[in-house]
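Here is a short briefing to read alongside the model. Take a look at the structure first, then follow the notes below.

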Amino acid sequence: MRLLLGLAKAIDALSEGVGRLIAWLTLLVALLSAGNALMRYGLSYSSNAYLEAQWYMFSLIFLLGGAYALKKNAHVRIDLIYGRLSQRAQAWIDLLGTLLFLIPMALGVLYLAWPWAMNSLAARELSPDAGGLPRWPIKLALPLGFALLALQGLSELIKRIAFLAGVYTLEKEEKEVVE
């Protein structure tokens, strides 16, 4: 179990690192959005590349931030019962949900997105819009994001099993429920 918890800790560190990058990317996309608006309305200048860069960054925030949100238990959760259950019951629900839904879904999307992204890379796909950006880098973000999500799901699975076995204490952010 110690080896598995070490793996979970490494995955958590990866998710934390990606989360820090996403935080900076969020600031950058806000600045780019403001700059785009100022240039478009103040200087009557617009560029497809700037607009595409803006939605590429937003996509990266969403796709790559999923694993970090899962680690911090900041994902959307609609529940009427979960928050009232014991920590042990919550751990069982998390374990089963991760094992039966999260990991299979993430691996399924990864399986389906990989050929799509690789075809885009092989073709060096470009935006159809004049002055647009290459499309293949953002298409690679889809399998990358779901791979990170699957890894973080594995980490959460390991931690819940260790908790249920009595060899691990869940951290505060893992117990919090965002309401």
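Ser44 lies in the loop between α1 and α2, where helices are DSSP runs of H or I with at least four residues, numbered from the N terminus. This is a predicted model, with local features needing pLDDT of at least 70 and side-chain atom pairs counting only at pLDDT 80 or more, while totals for chains, interfaces and linings use all residues. Residues are numbered from 1 along each chain as its sequence is written, and side-chain values use heavy atoms, leaving out hydrogens and water.

**Loop residues with positive phi**
- Ser44 is not a glycine, yet its phi is positive, at about 50°.
- Ser44 counts as exposed because its relative accessibility is 69% (exposed is over 50%, buried under 20%, partly exposed in between, with a 1.4 Å probe and protein chains only).
- Arg124, in the loop between α3 and α4 (136-164), also is not a glycine and has a positive phi of about 50°.
- At 49% relative accessibility, Arg124 counts as partly exposed.

**The α1 and α2 pair**
- The axes of helix α1 (residues 2-42) and helix α2 (residues 48-71) come within 8 Å and cross at roughly 155° (axes are lines fitted to C-alpha atoms over the stretch in contact, with angles from 0 to 180 degrees between N-to-C directions).
- That makes α1 roughly antiparallel to α2, a term for angles over 145 degrees.

**Helix α3**
- Helix α3 (residues 87-123) has 37 residues.
- α3 bends by about 45° at Thr98, the bend being the angle between axes fitted to the seven residues ending there and the seven starting there.
- Among the buried residues of α3 are Thr98, Leu102 and Ile103.

Terms used:
Helices (H or I, at least four residues) and strands (E, at least two) are DSSP runs, numbered from the N terminus. Angles under 35 degrees count as roughly parallel, over 145 as roughly antiparallel, 65 to 115 as roughly perpendicular and the rest as oblique. The expected span of a helix is 1.5 Å times one less than its number of residues.
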